[in-house]
Amino acid sequence: MLEVFVLKPRTLITRDELIEQVWQQGYVDDNAINRAISELRKTLKQHCNVTDLLKTHYKKGYSLQVDVEHFDVPSEPVDDNKADYSVNENHNVGLYQTDNQNQPSLENDSYSSEIPTNAKANQSFDQFKIPLFVLMLCIGLAFTILQFQSNELPENTDETVAIQTKAITWLKGQTVYPTMQRNGDLLAFGYREKATDNWQLIIKNLKNDTRSLINEQKTDFFPLSWHNQTLLYQKTSGEISEIWSLEYEEEVVNHKKLVSLPRIKYSSAAFSLDKSELFFIQENSLREPSLVKAVSLKSGEDYSLSTPRPGSAGDYFLRRSPDGSKLAVLRTDNWKKSQIYIIDLVSESTRRIYESETMLYSVVWQSDNNSLLFMKSPGALYKIDTSTQAIKKQKLSFNKPIEYLALYKENELLVTSDSMFYQDIFYKSSCQYGPNNKVKSDKAVVNSSYSDFFPTFKKQLAFVSNRTGSNQIWLRKENEQETLVSNFENVGKLSFLSWSNDGQNILGMAGNKIFILNLKSKHVKYLMLDGEIISSPTWSTDGRYVYYAKTHNSKWNIWQYDLTNDLSQQLSFTGGVSPKVFDQRGLVFLSESGSKLKIIDSNNEEKILLDKLNIIDTTAWTIADNNLFFSLRGKIVALDIETRERTECHSLIGFANHFSADNSGGFFYTLMADNQTNILSIQLPEM
């Protein structure tokens, strides 16, 4: 984190920038950022004479109030196989109907913008007595980044823009290489449920929600591109890849094998505009780089189109421009950096237009046949003019990791992202060991083909699900019957559900707003609250108050909202998140760092109940049967509040969060399976 501030002294760094450059992942809890900033301030204060080196800009971000001198660092100088045209038997094709009627939609909220600041520090950098190792750290980090940036092209950075996203698939497994038919009715993608499975090809008809499945044992299938109703796809078994085409008329018909080629890179092939040639990347041995080749589908003759540097990894991704005149190719030397090359098929020339200091997974052409889009890091969308090499960068409110881009519509992208985990709801009755030192397995309560999360229990289980949309509340009764309660639209993601004591109302969050849903009338009331960010609402025992966490002056604390007179009041003043009612003893909550469990008793006195904790995810804890349960390093831990006795339960396959106690000493939680990817459409901003 210090590196980020050193490289941009006296410049506002937003929270989004910190997430992008420090954590480099999609979702980071605000508490994690607060803890990191606090630790950095302590470190700077320990080694300097002043305490205001790191300045907070209210609702915007932070800046380092020193002058840093950057030093220039010199940058370092920078056999063909014939095709086989034999035809094999068809592979398996299946057709099945899915249960869901509509696809879910997600809405992501942005809460910060980058605003230039001209604030000046009161002391100069020369006045600070920073130890030598801190100075060397700063200089070393600056040198490293300067080396990375020596070959970077200039970029234009805009403010963060809020965009809308929509889930296209939400499956239990991994989806890759989505390609959409031009009219937007047919989606093809690769899919597997487990990492040990072979990749299958799924064609989804978005109009009637039917799917055609193409699979074969010990064989991988990937889509390449649509041409009206014709899909070009790749079938790979061992080192041999076959390129096939199929026609789609309400279902898959007319399979045709076009060519067999050795060692084709996955999903890196495209037709010429007249379909007489196939462009592809041939994966060579470790000593020879992969390169772009073309093969005539008529004569079988093939030839090379690129010449990567010997000893490099070579080319690994290609896309043809819409008019068929150019190929965009990704190339790498050592799988640490990427270069974008343009192969002009008319002039038969090749030129490099961009070099990235990080790996790029894919690029996509826009319909103007001149602009390319790509993403270097979560939330950072780049657009490059292939003629002038001018670059524009746009920060998006959707900042989840993205692995693949494809053009959906003129103003929408298809992407694959691990932002949506497949989630099931489990129940844990205890954390006690029985015979043979084994803990009784947790029961999967809600285990559908979709994601279910944020459970809460009061005679029946309420939870959020995306089975016919992402903004829905469902109920599950003891007879396991599940019913849809309410469908929310255009309000942001639902989260943090909580029952009223009489079981007539459900409290929750929609985006950054707290709502109360009356189950009988289906009326929804939104509470009029102010604050930067609001989180984790819960009922008081008597139903008169709603407790919640809120940021004020960039600090989290616990507040209460009086439902009788619509007034808010601050309860904690030393920092706090994730409030929960603890029997009749009072209101418990976590410190911002997750290291302490505090309580506000009936006398409104704030006390420390437990300390020396390490709760990283502030949604992954609850109190049940006088035990504090929380998730830690892949296990659920039980800590007796009175005796401090600690018990570790069995390991989890995935990530546990959204803990919610029931009235019998157990609790529900959401288990998020690891390594899941699904397909989203992302609204494109103007660039």
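Contact here means heavy atoms within 4.5 Å. The structure shown in these close-up views is a predicted model.

Figure 1. K265 belongs to β16, the strand spanning residues 264–271. Leaving out residues up to four places away in sequence, K265 touches Q234, I281, E283, S290, D315, Y316 and W335. With a relative accessible area of 13%, K265 falls under 20% and is therefore buried.

**Figure 2. The tilted aromatic pair of Y316 and W335.** The model holds 20 aromatic pairs. In the pair of Y316 and W335, the ring centres are 5.3 Å apart and the planes meet at 55°, so the arrangement is classed as tilted. Distant parts of the chain are linked by this pair: Y316 lies in strand β20, W335 lies in the loop between β21 and β22, and 19 residues separate them. Y316 is buried, at 11% relative accessibility, whereas W335 is partly exposed, at 46%. Both residues are also among the contacts of K265.

**Figure 3. The edge-to-face pair of F453 and F454.** The ring centres of F453 and F454 are 6.1 Å apart, and their planes stand at 70°; the pair is therefore edge-to-face. F453 is buried, with a relative accessible area of 9%. F454 counts as buried as well, at 13% relative accessibility.

**Figure 4. An aromatic cluster and two lysines over ring faces.** Y177, W199, F222, Y266, F317 and Y404 are joined into a cluster by ring pairs. In a further view, K513 lies over the face of Y526, at 5.9 Å from the ring centre. K580 is placed over the face of W621, where the distance to the ring centre is 5.1 Å.

**Figure 5. The largest nonpolar core and the contacts of L414.** The largest nonpolar core comprises 30 residues, of which I340, Y354, V363, L372, F374 and L414 touch the most other members. At least two residues of this core come from each of the strands β9 (186–192), β20 (314–320), β21 (326–332), β22 (338–344), β23 (349–356), β25 (371–377), β26 (380–385) and β28 (402–409). Apart from neighbours within four places in sequence, L414 is in contact with I168, P178, M180, L187, Y404, L405, A406, Y408, I679, L680 and S681. A second, separate core has 27 residues, including F582, I600, I623 and L639. In soluble globular proteins, nonpolar side chains tend to be buried together.

Figure 6. β26 pairs with β25 in the antiparallel sense over 6 bridges, and D385 in β26 is the bridge partner of S371. The hairpin formed by β25 and β26 has 2 residues between the strands, and G379 in the turn has a positive phi of about 80°. β26 is also joined by 5 bridges to β27 (residues 391–395), and these strands run antiparallel. Within this pairing, L381 has Q394 in β27 as its bridge partner. The hairpin of β26 and β27 has 5 residues between the strands; Q389 in the turn has a positive phi of about 65°.

**Figure 7. The open sheet of β40, β41, β42 and β43.** This open sheet consists of 4 strands in the order β40-β41-β42-β43, with antiparallel pairing. β40 (534–539) and β43 (567–570) stand at the edges with a single partner strand each, so one side of each has no neighbour in the sheet. From one strand to the next, the twist averages 30°. Strand β42 (residues 555–562) is joined to β43 by 4 bridges, and Y561 stands opposite S568 in β43.

**Figure 8. The open sheet of β1, β3 and β2.** The order of the 3 strands in this open sheet is β1-β3-β2, and the pairing is antiparallel. β1 (13–14) and β2 (54–57) are the edge strands; each has a single partner strand, so one side of each is left without a neighbour in the sheet. Strand β3 (residues 61–64) is joined to β2 by 4 bridges, and the two run antiparallel. L64 in β3 is the bridge partner of L54.

Technical notes
Residues numbered from 1 in each chain as written. Heavy atoms only, no water. Core = buried A, V, L, I, M, F, W, Y, C linked by side-chain atoms within 4.5 Å. Buried < 20%, exposed > 50% of the residue type's maximum accessible area, 1.4 Å probe, protein only. Pairing = 2+ DSSP bridges. Phe/Tyr/Trp six-rings, centres within 6.5 Å; stacked < 30°, edge-to-face > 60°. Lys NZ or Arg CZ within 6 Å of the ring centre and 35° of its normal. Axes fitted to C-alpha atoms, helices over the stretch in contact; angles between N-to-C directions.
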